Amino acid sequence: MRKIQIAVSGLLALMTVSVVQAATDIVEFVSCPVYRDARAGKKSGCWLADSPESGIRFDISASPVKPDWNYAVLVQGQITDNADACGGKVLNPVRVSVLSEPCPQYRLPAERYPGNPFVRPANIVKPLSVDRAPLKGPFEDKQFHVFFDYNKSFLTYQFGDYQLDQAAYWILQAMPSRVVITGFADTRGITVSGHEFREKEQIAQDRADIIVTSLLRLGVPEYAVATQINMAPEMLPGETDGVSGLVTTSRWRVTIDAYFD
């Protein structure tokens, strides 16, 4: 396995949400999460968070990563017109990153809010015992992305693990001649609610390493794999960031490029 170091200047100024996100219905803020104990069946409880800038309460339940009510969260999401089932404006898509700042635990009763009925996610990794239809060629160069939480290299359940599984299955079927893994870290950062969020440089390598290790364990030949890192990632266009439109969070990723040269 080959390693390539990419040196990218990080001298660009910090960007606020008004710059990096064209849509006016995108919000970003830091807050302590609140749990509403709705009683509409299993997993129907709601996660809420109040924006300190606007005072508006948002429903952040749709995030693939759920809050830990012991800690503050960085919330990034798009306001929708969905019905208020929990007592807050619904954000969807939405990403939640759990921070290290402690918060008091706070739980609200249902207060006649029905909550969100549990729906089985579609992005669940199939067990190895389940047969998959073989992919049909011819195959061409292809790119995949695996997304992470802020400053983390852990593969999120029903999110990053699913994205990795989709890439691995295609690679093992198509058998490209080489696979380049690029780990990104957003060392330029963003400012939200007065907090600066810059990822550590090491995160880029850590993210690349976890993807390489996973692909090798799944059967991708080591001789075909090379890694590189990038400290100033560009944002991906909407609809390709893993959560359908949240451009800012697309910097926290690994890109997998498969080539047939």
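Predicted model: local features only at pLDDT ≥ 70, side-chain atom pairs only at ≥ 80, totals over all residues.
1. Asp 165 and Arg 132. These two side chains form a salt bridge with an N to O distance of 2.5 Å. Because Asp 165 belongs to helix α2 (residues 160–174) while Arg 132 sits in the loop between β8 (107–109) and β9 (142–147), the pair ties together parts that are 33 residues apart in sequence. The two partners fall into separate accessibility classes: Asp 165 is buried, at a relative accessible area of 15%, whereas Arg 132 is partly exposed, at 26%.

2. Asp 50 and Arg 57. Here the side chains meet in a salt bridge at 2.7 Å, N to O. Asp 50 has a relative accessible area of 27% and is partly exposed, and Arg 57, with 26%, is likewise partly exposed.

3. Arg 198 and Glu 196. A salt bridge of 2.6 Å, again taken from N to O, joins the side chains of Arg 198 and Glu 196. Arg 198 counts as partly exposed, its relative accessibility being 40%.

4. Helix α2. The helix that carries Asp 165 has 15 residues, and from its first C-alpha to its last it reaches 21 Å, which is close to the 21 Å expected at 1.5 Å a residue. Its buried residues include Leu 164, Asp 165, Ala 168 and Ile 171, and Trp 170 is also one of them. In general, an α-helix has 3.6 residues a turn, so residues three or four places apart point the same way. The buried residues of α2 pack against β9, β10 (178–184), α3 (202–217) and β14 (253–259). After the helix comes Met 175, whose phi is positive, near 55°.

5. The largest pocket. Its volume is about 970 Å³, and of the 30 residues in its lining, those closest to the centre are Ser 61, Ala 62, Ser 63, Lys 66 and Val 119. Which strand gives the most to the lining of the largest pocket? That strand is β7 (residues 89–102), with 4 residues. Sorted by class, the lining of the largest pocket consists of 17 nonpolar, 9 polar and 4 charged residues.

Technical notes. Residues numbered from 1 in each chain as written. Heavy atoms only, no water. Salt bridge = Lys/Arg side-chain N within 4 Å of Asp/Glu carboxyl O. Buried < 20%, exposed > 50% of the residue type's maximum accessible area, 1.4 Å probe, protein only. Helix = DSSP H or I, 4+ residues; strand = E, 2+ residues; numbered from the N terminus. Expected span 1.5 Å × (residues − 1). Contact = heavy atoms within 4.5 Å. 1 Å grid on protein atoms, 1.4 Å probe; cavity = no way out; pocket = protein on both sides within 12 Å on 5 of 7 lines; lining within 4 Å. Points joined across faces, edges and corners; volume = space filled by probe spheres on them. Nonpolar A, V, L, I, M, F, W, Y, C, P; charged D, E, K, R; others polar.
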